[in-house]
Amino acid sequence: MFPTFYQTTLLTHLNEKQYLTFQLLLLLLQAHRQVKLSVLASVFPQPIQYQSRKRNLQRFLALPKLTLKVLWFPLLKYWIRQVETGRGLNRDQRRRLRTLKHHKHGYWILAMDRTEWKGRNIFMVSVVWGTHALPVYWERLGRAGTSDLKTQRRLLKAALSLFKSYPVLLLGDREFHSPKLADWLDQRGVSFALRQKKDFHFKTDTDTDYQVLKNAGFKPGQSRFYEGVLCNKGDGMGPFNLAVYWKRSYRQKGPKEPWYILTNLPTLKQALAVYRCRWGIEQLFKDFKTGGYNLEDTKVNDTRFLALVLLIALAYSLATLHGQWMQEAKLAQYAGRLQEHQDKAPRHSDFSFSLYGQRWLYAMDLWADWALKLVALKPHKHRYFQRGFHALSLIQQAL
């Protein structure tokens, strides 16, 4: 959705040599789904020795310009404005936007979480986009373990500043259970749904004293919505709402405890619906790791590591948007296996469809002579081959 502006932004901050290196690395990431420097150097298309190619990439990844504020934020702001205004989108694209999660609920839904990649503790904020999430802001934490409230506020300020003109809803798991964080978000006009631990203390209008969630006696299949509760015994934070939901067990299988969600949303149904969207950031982490680019395999230093994360964020976002376009243009059937009637979920994500489509395109280009000879031996399939060549042309134009 933003290739032209993306190219202009890169050329503003990078010279021609750096820009071409950047573009080639993005193409290699999509083709090989690997960010290990030794692998990238082995396939980097330059007629020089392997060690020279590797040193060139090491110098490029150490460039001070490869930062979020210089290369990522301008692209993200442009994309957000484009989605909000609908400029440059046709009727079908605008119709699809209305079906995505943030339009369905009326918010830009952000999910925050923390993950570790080979000893590197990364805090990330993402925007829910369909069944997945796209990266918004990330930072390497200076220590292992969970983040504290001060760090969470500082990192969230940078992410929320990108959406300051639009309604935002923030999701967080039990690491972000602090009622003080909920109060900080509420004061800034940010909606939230933060999962709580079972030792959470709260008080309703009818209670004389605070009670603990784990002592409330909930059972599988039960749900409840408390309105106007005070929390954080001693501080009296609130009033907020508290949603409780324990999924029913099936064949003696089910979650061991319920969801306890502190929120400023008005209903139980809405709180549960938006919190389910948090799974998108888990899918994002999977695609960054073993399900996509294998980020945990790299052994570069911290500076180059963050540059690789920036490259992956760009590649992942472009691939996801391209995959959505392939679905709209009904080209996904040429790239991968579609959802079948018995399936409860799609066989592949938008991100996977895009990568499979690009691999198919690269293979057709690389082995064009052999492919055309094989096509010529099947004249009775000519009509289907024509459709396939048309699909290839459309996929290539969209890249």
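R278 forms a salt bridge with D173, with the closest N and O atoms 4.0 Å apart. R278 sits in the loop between α10 (268-275) and α11 (279-288). D173 sits in the loop between β4 (168-172) and α9 (179-187). The pair therefore ties together parts that are 105 residues apart in sequence. The model is predicted, and the values reported here are computed from it.

R278 has a relative accessibility of 10%, so R278 counts as buried. D173 has a relative accessible area of 17%, and is likewise buried. The limit for a buried residue is under 20% relative accessible area.

R278 also pairs with E282. In this salt bridge the closest N and O atoms are 3.0 Å apart. E282 has a relative accessible area of 24%, so E282 is partly exposed.

Another salt bridge links E116 and R114. Here the closest N and O atoms are 3.7 Å apart. The two residues fall into separate accessibility classes. R114 is buried, because its relative accessible area is 18%. E116 reaches 40% relative accessibility and so counts as partly exposed. Side chains of opposite charge can pair when their charged atoms come close. In total, the structure holds ten salt bridges.

Charge was also examined over the whole protein. There are 62 positive and 29 negative charges.

The overall fold was then described. The secondary structure comes to 16 helices and ten strands. Along the principal axes, the C-alpha trace spans about 80 × 50 × 45 Å. The radius of gyration is 24 Å. For 399 residues, a compact globule would have a value near 21 Å, which the protein agrees with.

Contacts and surface complete the picture. Among contacts between residues at least 6 apart in sequence, 60% join residues at least 24 apart. The bridge between R278 and D173 ties together parts 105 residues apart. Buried residues make up 47% of the 399 residues. The accessible surface comes to about 20,800 Å². Carbon and sulfur atoms account for 50% of that surface.

Terms used
Residues are numbered from 1 along each chain as its sequence is written. This is a predicted model: local features need pLDDT of at least 70, side-chain atom pairs count only at pLDDT 80 or more; totals for chains, interfaces and linings use all residues. Side-chain values use heavy atoms; hydrogens and water are left out. Helices (H or I, at least four residues) and strands (E, at least two) are DSSP runs, numbered from the N terminus. The radius of gyration is taken over C-alpha atoms; the globule rule is 2.2 Å times the number of residues to the power 0.38. Buried means under 20% relative accessible area, exposed over 50%, partly exposed in between (1.4 Å probe, protein chains only). Contact means heavy atoms within 4.5 Å. Accessible areas come from the Shrake-Rupley method with a 1.4 Å probe; for residues, only the protein chains shown count as cover. Lys and Arg count as positive and Asp and Glu as negative; His and the chain ends are not counted. The place of a charge is taken as NZ of Lys, CZ of Arg, CG of Asp or CD of Glu. A salt bridge is a side-chain nitrogen of Lys or Arg within 4 Å of a carboxyl oxygen of Asp or Glu.
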